[in-house]
Amino acid sequence: MDSTIFAEMSALAVRTGSVNLGQGFPDLSGPSSVIEAAYDAMRAGRNQYPPGHGSPELVAAVVRHQQRHYGLHLAPDQVVVTTGATEAIAGAVLGLVDPGDEVVVCEPYYDSYRAMIQFAGAVRRPVTLRAPDYRLDADELEAAVTDRTRLILLNSPHNPTGRVLDDAELAAVASVATRHDLLVVTDEVYEHLTFDGRAHVPLATLPGMFDRTITISSSGKTFSLTGWKIGWATGPAGLVAAVEGAKNWLSYSSGAPFQPAIAHALDHEESFHRQLRDDLQTRRDHLCQGLDGLGFEVHVPQATYFATTDVSAFGHADGAAFCAAMVERARVVAIPTQGFYEDGSPDGRHLVRWAFCKEEDVLSEGLRRLQGVDLHL
């Protein structure tokens, strides 16, 4: 299997000395108290395998987080800690899907979704979120379901479009899932990074949905600690056990000293992600206004780290060709989003994703470099 577009473009950025507005990692680390808590855990000997289910204090902190933010009352066996949200997604798909099952997924989709569905021997059934508003069409969702459909894999707030599904869209997903007796896996890693006063609503909080939904999140985006790779999945005990069963054959466990540190973050550092959200909104506006001023058609995101632009006005055949040209001409790296769509799909061909989870001076330098070159074919 090929390497990810993120690895390729980040390696290209290092090799060429480019400004990396591609891969979504922030320039600054998370709260110092959380980093100190990890040091304390190391010094206290928390350096061997933690329980496969997750350290007790982190499991308890996730339980408190879900109750505090969403009114979801969980027991410890309704939580499993994973090596980032990526492993939680892998565990959910591998644990809940059999070969030949169909998985409905909204495209564009994060690239690990495609890989995990292939690993499971399942079949993708994409429903396209189309620019510029990227709304989920209820009729298209219904049409994607067949008698072989097992699961809907949902992502909101959505990467790469930045769309936050609204009440009507979530109700449509719940209606399809309940009428067809489907499971749902929801990737909610950007749950706290929504903009312009929008609120994230977990699908599991809708009537009748908790018992059929696995909810996935992580500490990486919430606390700017993406390299720690501490995530979790929550839901009904039977479904969580299936995720854990698959996860046990992937990493079994990881991040021993990081787990109690993230427990501390969930309980004591909510002000960090509130400030992070506000800072990201400012950086979003900085980048989007700058790109707009350069002549891009900008799709301003409602959440996440990323903004999407249509580059067709500059005459490029596709986003990959545009990104290659920008590395050569401007030493700026972005991500072509066509890799997040089905092969040959026209919907993502002219779209490029830019990361704004960077320092202001990095964004300004990227814009300055783009301004100094011809963006056209």
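**View A. The pairing of L154 with T186 in a predicted model.** T186, in strand β6, is the bridge partner of L154. The structure shown is a predicted model. Strand β5 (residues 149-155) and β6 run parallel and are joined by 5 bridges. Together with helix α7 (residues 167-179), β5 and β6 form a right-handed β-α-β unit.

**View B. Strand β6 and its pairing with β7.** Strand β7 (residues 213-218) runs parallel to β6, with 4 bridges between them. In this pairing V184 lies opposite T213 of β7.

**View C. The burial of strand β6.** Of the 5 residues in β6 (residues 183-187), 5 are buried, so the strand is largely enclosed by the rest of the structure. In a regular strand, side chains alternate between the two faces of the sheet. L183, V185 and D187 point one way from β6, while V184 and T186 point the other way.

**View D. The largest cavity.** The model holds 3 cavities of 30 Å³ or more, and the largest has a volume of about 50 Å³. Its lining includes L154, N155, T186, D187, H200 and P202. The elements that give two or more residues to this lining are β5 and β6. By type, the lining residues of the largest cavity are 5 nonpolar, 4 polar and 2 charged.

**View E. The second largest cavity.** This cavity has a volume of about 40 Å³. Among the residues lining the second largest cavity are P51, G52, V81, T82, T83, K247 and Y252. Strand β2 (residues 79-83) gives the most to this lining, with 3 residues. The lining of the second largest cavity divides into 3 nonpolar, 7 polar and 1 charged residues.

Terms used: Residues are numbered from 1 along each chain as its sequence is written. This is a predicted model: local features need pLDDT of at least 70, side-chain atom pairs count only at pLDDT 80 or more; totals for chains, interfaces and linings use all residues. Side-chain values use heavy atoms; hydrogens and water are left out. Buried means under 20% relative accessible area, exposed over 50%, partly exposed in between (1.4 Å probe, protein chains only). Two strands pair if DSSP finds at least two bridges between them. A crossover is right-handed if, with the strands pointing away from the viewer, the path from the first strand over the helix to the second runs clockwise. On a 1 Å grid over the protein atoms alone, a cavity is a set of points where a 1.4 Å probe fits but cannot get out, and a pocket is an open set with protein on both sides within 12 Å along at least five of seven lines; lining residues have an atom within 4 Å of a point. Grid points are joined across faces, edges and corners, and a volume is the space filled by probe spheres set on the points. Ala, Val, Leu, Ile, Met, Phe, Trp, Tyr, Cys and Pro count as nonpolar, Asp, Glu, Lys and Arg as charged, and the others, Gly among them, as polar.
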